[in-house]
Amino acid sequence: MNWEFRPEVIAAAMPALLQGMWMTIMITVGGVALGFVLGILFGLGRISKNKIIFALSTTYVEIIRGTPILVQIFFIYFAMPILLGTRISNISAAIAAIAINSGAYLAEIVRGGIQSIDKGQTEAGRTIGMTPFQTMRYIIWPQAFKRIIPPMGNQFIISLKDTSLLSVIAVADLTRRGQTIIAVNYRSVEIWGTVALLYLTMTLTISFVLRRMERRLDV
């Protein structure tokens, strides 16, 4: 086997790979942003004293965390259109899958962050005449948010890497672009090596930004 490294293959493939990288970032940001909203809603639901809200929130979290994201992707893209009677684009399905999946994990992160705050602070807020919403908004949430930033960052990185599974529904993300290029030139080493480096670049950048955010919040 006489394999020879060919950098010109990487140079030729880079424009397409960068387009896939951008698609990966857009899906991750959109999915995790929606997932954060779901995480707040269901995270609060997980500490709600209302049994129905608690049960619904717990059911969502347990189902999503207990099933593979690949199955969730297939269900959203192939099964949901049958149930809804309408077609779902692969991009919409991709964002929805990342949002629903990350939302369940973020719900537990939010729940843990809120419950880590001393209960005495809630009682103090109520003592000075604050409503439960005001207590949460002005006393509990600002402190909890600082504590949930590191695990939120980890979840963002996990979701970014999970987008590689979206190639199964033909989303033109970074992984799919790599597959398409290799199908033409058969240069697996150069292309998959470059794809791996691009993913690594994204995750390291996210980690750096999150560390800066943590330092600013600490100050």
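Predicted model: local features only at pLDDT ≥ 70, side-chain atom pairs only at ≥ 80, totals over all residues.
**The largest pocket.** Begin by selecting Ile-47, Lys-49, Ile-114, Thr-122 and Met-136, which lie nearest the centre of the largest pocket. In total, 19 residues line this pocket, and its volume is about 730 Å³. Which classes of residue make up the lining of the largest pocket? There are nine nonpolar, five polar and five charged residues.

**The second largest pocket.** Now select Met-152, Gly-153, Phe-156, Leu-210 and Met-213, the residues nearest the centre of the second largest pocket. The volume here is about 280 Å³, and the lining consists of 14 residues.

**The surface patch.** Turn to Leu-70, Phe-74, Phe-78 and Val-168, which together make a nonpolar surface patch of about 320 Å². Leu-70 belongs to helix 3 (residues 69–84). Because its relative accessibility is 30%, Leu-70 counts as partly exposed.

**Two loop residues.** Select Ala-170 in the loop between helix 6 (132–162) and helix 7 (174–185). Although Ala-170 is not a glycine, its phi is positive, at about 65 degrees. Its relative accessibility is 39%, so Ala-170 counts as partly exposed.

Finally, move to Tyr-186, in the loop between helix 7 and helix 8 (188–218). Tyr-186, also a residue other than glycine, has a positive phi near 60 degrees. Is Tyr-186 buried or exposed? Tyr-186 is exposed, because its relative accessible area is 66%.

Technical notes: Residues numbered from 1 in each chain as written. Heavy atoms only, no water. Patch = residues over 30% accessible without salt bridge, like charges linked within 9 Å, V, L, I, M, F, W, Y side chains within 5 Å. Areas by Shrake-Rupley, 256 points an atom, 1.4 Å probe, with all protein chains shown as cover. Salt bridge = Lys/Arg side-chain N within 4 Å of Asp/Glu carboxyl O. Helix = DSSP H or I, 4+ residues; strand = E, 2+ residues; numbered from the N terminus. Buried < 20%, exposed > 50% of the residue type's maximum accessible area, 1.4 Å probe, protein only. 1 Å grid on protein atoms, 1.4 Å probe; cavity = no way out; pocket = protein on both sides within 12 Å on 5 of 7 lines; lining within 4 Å. Points joined across faces, edges and corners; volume = space filled by probe spheres on them. Nonpolar A, V, L, I, M, F, W, Y, C, P; charged D, E, K, R; others polar.
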